[in-house]
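Please open the structure in your viewer and keep the sequence panel beside it. The tour below goes stop by stop, saying what to select and what is found there.

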Amino acid sequence: DIITNAITIYEQSGNPDSGMYQQMKGSYDMLVAMSSGVADVTHVNFDKEGLLSVEDCTLLVVAGQGMAALESLLEHKNKLWEMEPLDTLRYAAIVNLITQIYTQSGNFASAQSEIENFDKSIGINSKSLPAEYLQLFYSNAGIVAWKLKDYVKALRFEMAACRLFEQIGDYGMEYAKTLANIAMIYAEAGEYKEIHEWYLDAKWYIDEATSIFEERIGPLTQHGEIGITLLSNKAIVYNAIGNREEAIKTLEFIVNNFSEDPNVKDAWTLAANNLSTVYMKSGRWEDGSRILKGLTGKNNNERNYLFSQNLALCYLYQKDAENSITALERMNNYATENIDQIFSSFNSIEREDYWSQISKELILLNNLIAYHTNKGEAVSLAYNNSLFCRNLLLNSHNFLEKYFTETNDKSLKQKYEIYKQKKSALAFKSDSSATNRNILSREVFSIEKDLLKSAGSIGEWLKNSTKTWEDVRASLDS
């Protein structure tokens, strides 16, 4: 209201300051987008330096087009950091936007890096930031943990974000999104861990999220990417609890009515994949493949992996061996594309949690297609995949030992020895207090991440060092 009144006064004045006027208009558009989920990005403009304003970047993030804003936001962040005194709140807002872009694009290593760097330099706590900024950091951290399959940590972060929203009485769009995140974590964890009681938790949270959104903001279908995503997520949860007919009806409505809407393209793509998944669980394999054939996650490997996985299954049960194997090979390739960021950026526990889940999926589907198609190409893929999945974690540990014992950098060697000593202490000193062990654990993981960064890219080394089935056969023949 204050900005609206100020804009009106400027418009009625004889000679308004055009710069100030445009800044207020930008702030108004940004606040409307953040509170409603609807963003008009047709008027975003670059300045003389080729940068978008933070307000325009926010519009793009809300509209699900964050990658177009990433370069500008990174430059704004760097410029702001060099200014004294630092505008901590604006800096925090920019870091949160960058983190959201990385999570939207499936780059979870960079998202976590942004959060960790902010925590080291400024601190993610109530002394450095008010609740309305803290809650976004916790929510983003929860999304990263969720995508790394650490469901317990993900729930802890998202629950913390919820409590912060409730403490300040903010029950708007971001609160609804956080409730929906919790619902989806419960639903996915319930499926992975076969804990069916969690589906009921998922239903409660998604019902609460959509109810609050519609009560305080408006109909889901009229509020852009966020509204359509919430509606799609609700359908997935309802399918999990057995209400498949309602799930199909909702997802078909989204797919049939929003395919040409450029403002919800990302949400539509996810809804289409969700519909294909429900079709598959209903035995409607042809319908599933029909939708999946046109889907692409662009540069988002996580989504492309998921689309290829579902397509491989659809073709398999249509007895289309050739296309099933082609989709399977794409799936395997997408799975390895994320290896560099996962194994170069996350600590050993995070890596193991993530890879243990992904490798189960890879081994199961590769073996299933090899068995049912009985094609030599599929059998070779299955053997290669099995060797790769089982040796990857072992090779990553071997890499650290090999790299840091052979390096000529004495400081790195010394840091690696400290890392091994602390890790050994963490493993064997079980009589330590819980507090001391938590402190030691954080120290171990912090040193490990510093070492990984200094080692550079290890993804290619890991892929090349893992023997294939052809390598094994060649060694046996010789």
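For the first stop, residues are sorted into classes: Ala, Val, Leu, Ile, Met, Phe, Trp, Tyr, Cys and Pro count as nonpolar, Asp, Glu, Lys and Arg as charged, and the others, Gly among them, as polar. The model is predicted, so local features need pLDDT of at least 70 and side-chain atom pairs count only at pLDDT 80 or more, while totals for chains, interfaces and linings use all residues. Residues are numbered from 1 along each chain as its sequence is written, and side-chain values use heavy atoms, with hydrogens and water left out.

**The second largest pocket**

Select E116, K153, F157, E350 and K449, which lie nearest the centre of the second largest pocket among the 28 residues that line it. A pocket here is an open set of points on a 1 Å grid over the protein atoms alone, where a 1.4 Å probe fits, with protein on both sides within 12 Å along at least five of seven lines, and lining residues have an atom within 4 Å of a point. The space in this pocket comes to about 1100 Å³, a volume being the space filled by probe spheres set on the points, which are joined across faces, edges and corners. By class, its lining has 11 nonpolar, five polar and 12 charged residues. Which element gives the largest share of the lining? That is α21, with eight residues; helices are DSSP runs (H or I, at least four residues), numbered from the N terminus.

**Helix α7**

Now select α7 (131-147), one of the elements that give two or more residues to the lining of this pocket. The end C-alpha atoms of α7 are 24 Å apart, which agrees with the 24 Å that its 17 residues should span at 1.5 Å a residue, the expected span being 1.5 Å times one less than the number of residues. In α7, 12 of the 17 residues are buried (under 20% relative accessible area, with exposed meaning over 50% and partly exposed in between, for a 1.4 Å probe and protein chains only). Among the buried residues are L134, F137 and W146.

**Salt bridges**

Go on to K149 and E188, which form a salt bridge with their closest N and O atoms 3.5 Å apart; the term means a side-chain nitrogen of Lys or Arg within 4 Å of a carboxyl oxygen of Asp or Glu. This pair links distant parts of the chain, with E188 in helix α9 (residues 173-193) and K149 in the loop between α7 and α8, 39 residues apart. K149 is buried at 14%, whereas E188 is partly exposed at 22%. Next select K281 and E191, whose side chains meet in a salt bridge of 3.9 Å, N to O. Because K281 lies in helix α13 (residues 265-281) and E191 in helix α9, the pair ties together parts that are 90 residues apart in sequence. By this rule the count comes to 15 salt bridges, and E252, R284, D287 and R290 are linked in a network of them.

**Helix α10**

Finally, select α10, whose 20 residues reach 29 Å from first C-alpha to last, close to the 28 Å expected. Its buried residues, including Y199, Y205 and F213, fall within an arc of 165° seen down the axis, so they line one face of the helix, the arc being that of the directions from the helix axis to the C-beta atoms. The face turned away from this buried side carries the exposed residues E197, L200, W204, E215 and R216. Also in α10, D207 and K203 lie four residues apart, about one turn of the helix, and form a salt bridge with closest N and O atoms 2.7 Å apart.
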